[in-house]
Amino acid sequence: MTRITVTVDGQKNVDDVEPRTLLVHYLRETLGKVGTVVGCDTSNCGACTVHLDGRSVKSCNVLAVQADGHEVTTIEGIAANGELHPMQQAFHECHALQCGYCTPGMIMQAIDLLNDNPNPSEAEIRAGLEGNLCRCTGYHNIVKAVAQVAGQKGGE
Ligand code: FES
Ligand code: FES
C-alpha cells in the first residue's frame with residue numbers, strides 16, 4: 001500500500017491505496033464520490049472525466065498515486081453556495097441530457113474546454129468534446145449548452 005494525500009473537492013484526504021488503484025476507483029470506492037462514473041475503463045468514453053489541478057483528465061486513465069499531492073475536482077465539487085455551476089445550469093436549461101450517464105464527464109470536459117477557449121465556434125466545441133461519448137442525445141443540445149455558457153461569459 002502507498003499513502004497518498006489528495007485534495008478532492010476542496011477537502012484533504014490521506015489514504016493508503018494499492019499502487020495499481022485507478023483514480024476513478026479511489027474517488028468512488030474510497031471517497032464515495034459516485035458522481036464520477038465508469039463507462040468503459042479503456043479511456044474511450046470520457047464518463048469518468050474530472051479535473052486534476054484544474055485540467056480535465058479521464059480518471060480511469062490516471063493512477064490514484066499520480067494524484068498524490070495534487071488537487072482533484074469532481075462533478076460533486078463545482079456547485080457553490082447551493083447554486084449549480086453555470087455549466088450544470090445550462091445543461092439543465094438546454095435539455096442536454098437524457099439518461100445522464102455521460103453528463104458528469106461531459107460537464108467537466110466542457111468547463112475545461114471553455115477555460116482553454118472562452119469563445120469557441122460550434123466546430124471547436126464539437127472537437128473539444130470528441131473524447132466524451134453520449135449514446136442518447138445526438139450531441140446537439142450538449143453543444144447548445146456549452147455555447148450558451150460561452151455566450152454568457154462573452155457578455156460579462
Ligand atoms: S470510464 Fe474513463 S474513459 Fe470511459
Ligand atoms: S445522456 Fe445518455 S449517454 Fe449521454
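Two strands pair if DSSP finds at least two bridges between them. The legends below describe a predicted model.

**View 1. Strands E1 and E2 pair as an antiparallel hairpin.** Strand E1 covers residues 2–8, and strand E2 covers residues 11–17. They share 7 bridges, in the antiparallel sense. Valine 8 has glutamine 11 of E2 as its bridge partner. The hairpin leaves 2 residues between the strands. In the turn, aspartate 9 has a positive phi of about 50 degrees. In a regular strand the side chains alternate between the two faces of the sheet.

**View 2. Domain 1 meets domain 2.** The chain is divided into domain 1 (2–77) and domain 2 (86–155). Their C-alpha centres lie 22 Å apart. At the contact, 15 residues of domain 1 touch 11 residues of domain 2. On the domain 1 side, strand E3 (49–52) and strand E4 (55–58) each supply at least two residues. E3 gives the largest share of that side, 3 residues. By class, the domain 1 side has 6 nonpolar, 8 polar and 1 charged residues.

**View 3. Helix H3 is largely enclosed by the rest of the structure.** H3 runs over residues 103–116, 14 residues in total. From first C-alpha to last it reaches 20 Å, close to the 20 Å expected at 1.5 Å a residue. A residue is buried if 20 or more other C-beta atoms lie within 10 Å of its own. By that cut-off, 10 of the 14 residues of H3 are buried, so the helix is largely enclosed. Among them are Thr103, Pro104, Gly105 and Met106. Ile107, Met108, Gln109, Ala110, Ile111 and Leu113 are also buried.

Definitions and conventions. Residues numbered from 1 in each chain as written. Chains lettered and ligands numbered in written order. Predicted model: local features only at pLDDT ≥ 70, side-chain atom pairs only at ≥ 80, totals over all residues. Helix = DSSP H or I, 4+ residues; strand = E, 2+ residues; numbered from the N terminus. Expected span 1.5 Å × (residues − 1). Buried ≥ 20, exposed ≤ 12 C-beta atoms within 10 Å, placed from the backbone. Domains from an automatic or database assignment. Contact = placed C-beta atoms within 7 Å. Nonpolar A, V, L, I, M, F, W, Y, C, P; charged D, E, K, R; others polar.
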